[in-house]
Amino acid sequence: QVQVVESGGGLVQPGGSLRLSCVASGSIFSISAMGWYRQAPGKEREFVATISSGGSTNYADSVKGRFTISGDNAKNTVSLQMNSLKPEDTAVYYCKAILRRLGTLEPWRNYWGQGTQVTVSS
């Protein structure tokens, strides 16, 4: 069994900062990438940022220059440092891990966390 758990959400004023963290745990053989997605009320879930096991990063245009993703392969963790937050960044943020489980012949699969709320408001 695999678990993906996010933490670090909350309420912040416009222009402020928050740091989200995510850890994947359980029967994990290997992780190829981890990333962050978000879903605002009434909108589809959208890509925010990803980082591969080799350290390659990718960002949505809307967060480039403001958000920074980082990972620790040894600990199966990923973090998202969010600076200069805007009201439009308000959403539930989800962590995704692309991984293979121990002891199975399954292909790479996506595992999602339950999400953490980020609210940017004065």
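On a 1 Å grid over the protein atoms alone, a pocket is an open set of points where a 1.4 Å probe fits, with protein on both sides within 12 Å along at least five of seven lines. Grid points are joined across faces, edges and corners, and a volume is the space filled by probe spheres set on the points.

The model is predicted: local features need pLDDT of at least 70 and side-chain atom pairs count only at pLDDT 80 or more, while totals for chains, interfaces and linings use all residues. Residues are numbered from 1 along each chain as its sequence is written, and side-chain values use heavy atoms, with hydrogens and water left out.

**Stop 1: the largest pocket**

Select I31, M34, S53, D72 and N73. These residues lie nearest the centre of the largest pocket, which has 17 lining residues, where lining means having an atom within 4 Å of a point. The space in the largest pocket is about 190 Å³. Next, colour β4 (28–39), β5 (46–52) and β7, the elements that each give two or more residues to the lining. Strands here are DSSP runs of E with at least two residues, numbered from the N terminus. β4 gives the largest share of the lining, seven residues.

By residue class, the lining holds six nonpolar, 10 polar and one charged. In this scheme Ala, Val, Leu, Ile, Met, Phe, Trp, Tyr, Cys and Pro are nonpolar, Asp, Glu, Lys and Arg are charged, and the others, Gly among them, are polar.

**Stop 2: the open sheet**

Now select β1, β3, β8 and β7. In that order the four strands form an open sheet with antiparallel pairing; two strands pair if DSSP finds at least two bridges between them. β1 (2–7) and β7 (67–72) are the edge strands, each with a single partner, so one side of each has no neighbour in the sheet.

Walk across the sheet from β1. β1 and β3 are antiparallel and share six bridges; V2 has G26 in β3 as its bridge partner. Finally, six bridges join β7 to the antiparallel strand β8 (residues 77–82), with S79 in β8 as the bridge partner of S70.

**Stop 3**

Select N76, in the loop between β7 and β8. N76 is not a glycine, yet its phi is positive, about 55°. Its relative accessible area is 22%, so N76 is partly exposed; buried means under 20%, exposed over 50%, and partly exposed in between (1.4 Å probe, protein chains only).

Move on to S84, in the loop between β8 and β9. S84 also has a positive phi without being a glycine, at about 50°. S84 is partly exposed, with 41% relative accessibility.

**Stop 4: the disulfide**

Which residue is joined to C22 by a disulfide? Select C95: the S to S distance between C22 and C95 is 2.1 Å. Under the rule that a disulfide is a pair of cysteine sulfur atoms within 2.5 Å, the count is one. C22 lies in strand β3 (residues 18–26) and C95 in strand β9 (residues 91–101), so the pair ties together parts that are 73 residues apart in sequence. The torsion about the S-S bond is about -85°, so the disulfide is left-handed. C22 is buried at 3% relative accessibility, and C95 is buried at 0%.
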